[in-house]
Amino acid sequence: MKTASMHPRSQPRSRCSSATSTLVTGLSIVLLCVYSTVEAAQADERSSPHLPFVDPATIDPRIPTPSSIIGHEVGEQAVRYDPLMRYLEALAASSDRITLNPYGKTHEGRTLVNLFITSPENHQRLDQIKAGNGKLADPRKLENTAAGRALIETHPATAIMAYSIHGDELSSTDAAMQLAYQLVAGTDDGTTSILDQVITIIDPLQNPDGRERHLASIEQRTGAISSTDGQHIQHNAMNGRTNHYRFDMNRDWVSLVTLENQARMKVVTEWNPQFMVDSHEMGPLEGYLMDPPRQPLSPLFPDRNLHWREQYGFDQAAAFDGHGWSYYAKDWNVEFAPIYTCSWTNLSGGAGLLYEQAGVTSAAYKLETGHLLTYREAVHHHLVSSLANLNTLKSNRRAILGDYFADHLAAVEGDGQLTGTFLMPPHADRARMARFIELLDRLSVEYSFAQESVHASRATDLWGNETDALELPAGTLVVKSDQPFRRVAHAYLGFDTRPDSSYLKIEREELENHRSSRFYDVTAWNLPMAFGLESYWVDEISDLKLDSKSPGPVRNTVDWGSKPKYGYLIEFSSAAVYNVMVRLFEQDCHLRVATKPFDLPGHSYRPGALVLRGHENPDNLGTILQKLAGDFDVNIRPAQTASVGKVGPDLGGPKFVLLHAPRVALSAGDMTNSVGAVWHLLDYRLKMRVSPVKSTRDLRKYNILVLSGRGSVSDGVKKWVADGGTLIAFGEAAYAIAKKDNGLSSVRRRRDVLDTLAVYQEDLEREQQADEIEIDFEDLWGDRQTETSEKSGKGNADLDEAEENEEQDKKQSRKSAPSNNAEKLKRIDEWQRIFAPSGVFVKARIDDRQWLGFGLGKFLPVMVGSDSVLMSMHPTETPVRLVDEDDLRLSGLLWPEARQRLANSAFATVERHGRGQVILFASNPTHRGWYPGMERLFLNAVFLGPGMGTSQKMPW
């Protein structure tokens, strides 16, 4: 999870005991335990073979050992996927203690499996035990509270042990294999008691695609002599952290975008575990981290969550003390954002642990002390940790189940800790709303739909506005607090989860004294904001008539057997329109987009509506659209005439611009997370042709280039843009283009234009004035001339001269500001940048008259997380701009210094360059696949850009 490049080397506060004779002969000696002499370290480097992980006398010899199948001892090298699967299948066939359960597939076709390991008696009633977990999680399924307490007496606890969600964090998968062997083959009392009282579900390899990519690269970089030098290419192999589409799956548990996590979450929510492990690796010099974490923690975790996590951690530490190993806790790990593998378990009444082992790339690594950290040592640490955790769960089974049950009982009874109701009215973007509801299902959040209009008082919306009276239509989605997983509901739907106030002083001290934040990731994650959906919270609401199905309007029907005289219209409100556009372009259809609103009988259309003129399209256009209307949730209607009557432009006029099929090149570089998110969106979700390219030297076949990484733009790319290309850049790539010496855009980084901020302010004021036109007709026609002159004692000429002089004084003052003021502005800006947000939702204004904002409302929550700020002015178009400072922050930690820098800055800009255009985004609108609202801005750039913002060559 944590890498040396992300965090400086830790200074662990650990208990380190001297090595015993057993350790000296080969069992694990942990990082940072110092040998007394260099000779001792060299002797350890040459030592072999290792003692076994477990006493062979306590192992059933009939059970196949891992080495008998995989071809080497556990820990000698990292096991590959295929040998691992062969062993797990052989292990499952050898005993009635274990069941192998395939639960999903990766993008590269590898099977994801769980191992269910428990006593044979428990295996006979696994379905009953799963149902019992469901009753403890939802006490409404029980006859009464006493039945729940009685169930706890004989009910085994459930643990999900998850390993290697980051594919280049290798050792925990080998530990999982050894753990499975020990639980299946062990004959000692400790093992059998775990089997009797715990259902252990082992997920041995969560990211096989990433692991195989990484191990193949290590194999290619390893010489005849395996190197212990950390700078050797063997220890710097291809990144395997992410899945096939380069998603960091450990940060995907808030949105569940990845195929693997969708399948995995289904297992978690079906089994409702009381305990979960998330096992990781970090940098090779960073020791071993275990629970408990440090502040800031989510305020929504149950009261007993930290108590049990401390107990698991203390018992795990005691097991390490037994070996004389070093470790530390309460250090860099924070769990404020509920985005990680164990977040759902921690929010749902259980306890989810993280532990991190100093990583070794399937070989050995020489540390600062000269000690050789071996791969086997890393495996052993994870194995001991896992067994210690299972023993804690076993030994405290009744108390843990009791606390779990009590938390859920309080939830369904509505004990007053978390109250209120979330309301989400029907949205014009039905596809986005459907995707949101699908996510609620995956998270086990209960919801229903109002069958009649909703009336509430004292409501708060996600913009922070309060109202004394709220009325919403039938079909409003309702999420009540009195439900089994109310903490999950509040975590993901609550507008503004805040860290403990006392902690913020610590955070501020860290920033001011050390220039670094203690937050590990984003500080905002609200799902309605991420989806760009309307949402309200009310503390009390009258009884509603509710149902599991929405009474919303039925999709429009078309008489496909009757060919319209002119063509067809497609509304642009639904995000499914992009799926439709992909398939229309594939079938050589010609689409035009409305740049102005217009009316047809019975329907009003917003800018962005698509027009397919019959005479410009294939004869079977109706058949094509009929299938698309069945596959995707879009409104398609026939047009019998090109005339719209009195309101709006006629369909045959120039206000309907011809679009061009996007031919997208994605600058891939080293296939970073940001590249993968774009690739996944276009390739996997939209099923659209896109070319991730290593080089941008030959762009002739493309009309769109997407940049997400660092680096300057070549002269060849600039010429390609000038010839009609659309360049889309976000984040670091956008900031690189915005540098003064780039020569491609007039957009600038704020830090580079500090001396002319007043000029940008003037342009902003004109932009705002143009957006809210007000005409003083008396002044326009001179009707107040005499009255004004009499009151002021001056003529208009005198007034004009005074105003002109005042304006000239202001301009001169800005131009003649002393140079030390510029230096002061620079110092102030550098100071303010220290407080840059790490991931905050802010409010952005959308100019829906500009094509980049088509299909979106007037305002949109956007995520920001950088110390760079974009500044724009006329003639650059700024269709998405952040709002004023006082109204800016929606959710997350945004210090006043950062708020001042971000206020009124540009979030998205569009600028002509020759016959082409440059589109810049201040942050990645496709980041992690989290933000379907911002995502539409990017898709508008892709699908509308070549037609709306460039001059394409005419066909021959």
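This briefing walks through some local features of the structure above, from strands and cores to single residues.

The model is predicted, so keep the ground rules in mind: local features need pLDDT of at least 70, side-chain atom pairs count only at pLDDT 80 or more, and totals for chains, interfaces and linings use all residues. Residues are numbered from 1 along each chain as its sequence is written, and side-chain values use heavy atoms, with hydrogens and water left out. Helices (H or I, at least four residues) and strands (E, at least two) are DSSP runs, numbered from the N terminus.

**Strand β38 and its neighbours**

- Strand β38 (residues 906–913) has 6 of its 8 residues buried, so it is largely enclosed by the rest of the structure; buried means under 20% relative accessible area, exposed over 50%, and partly exposed in between (1.4 Å probe, protein chains only).
- On one pairing, β36 and β38 run antiparallel and are joined by 3 bridges; two strands count as paired if DSSP finds at least two bridges between them.
- Within that pairing, Val880 sits opposite Ala908 in β38.
- β38 also runs antiparallel to strand β39 (residues 916–921), through 6 bridges, and Arg912 has Gln917 in β39 as its bridge partner.
- β38 and β39 make a hairpin with 2 residues between them, and Gly914 in the turn has a positive phi of about 65 degrees.

**The five-stranded sheet**

- An open sheet of 5 strands is ordered β26-β21-β25-β22-β27, with antiparallel pairing.
- Its edge strands are β26 (636–639) and β27 (656–658), each of which pairs on one side only.
- From one strand to the next, the twist averages 30 degrees; axes are lines fitted to C-alpha atoms, for helices over the stretch in contact, and angles run from 0 to 180 degrees between N-to-C directions.
- Inside this sheet, β22 (residues 592–594) and β25 (residues 610–613) pair in the antiparallel sense over 2 bridges, with Val593 partnered by Leu610 in β25.

**Nonpolar cores**

- The largest nonpolar core holds 258 residues, and Met581 and Phe907 touch the most other members; such a core is a set of buried Ala, Val, Leu, Ile, Met, Phe, Trp, Tyr and Cys residues joined through side-chain atoms within 4.5 Å.
- A second, separate core of 12 residues includes Leu569, Leu600, Tyr605 and Val611.
- Leaving out residues up to four places away in sequence, Phe907 touches a set of residues that includes Val862, Val880, Leu882, Leu920, Phe921, Met934 and Leu937; contact means heavy atoms within 4.5 Å.

**Helix α15**

- Among the buried residues of α15 are Arg397, Ile400, Leu401, Tyr404, Phe405, Asp407 and His408.
- Just after α15 comes Gly414, with a positive phi of about 65 degrees.

- Thr106 is in the loop between β1 (98–105) and β2 (111–117), and it is buried at a relative accessible area of 5%.
- The side chain of Thr106 makes a polar contact with that of Asp209 at 2.9 Å; a polar contact is a pair of N or O atoms within 3.5 Å, where within protein one must be able to donate a hydrogen and the other to accept it, and residues adjacent in sequence count only if both atoms are side-chain atoms.
- Asp698, in the loop between β29 (690–693) and β30 (704–707), is partly exposed with a relative accessible area of 42%.
- The side chains of Asp698 and Arg700 are joined by a polar contact of 2.9 Å.

- Asp291 and Pro292 are joined by a cis peptide bond, with omega about 5 degrees; Pro292 is in the loop between β6 (288–289) and β7 (294–297).
- The peptide bond from His874 to Pro875 is also cis, with omega near 10 degrees, and Pro875 is in the loop between β35 (870–871) and β36 (877–882).
- Ser164 is not a glycine, yet its phi is positive, near 55 degrees; Ser164 is buried, with a relative accessible area of 0%.
- Leu256 likewise has a positive phi, of about 50 degrees, and counts as buried at 1% relative accessibility.
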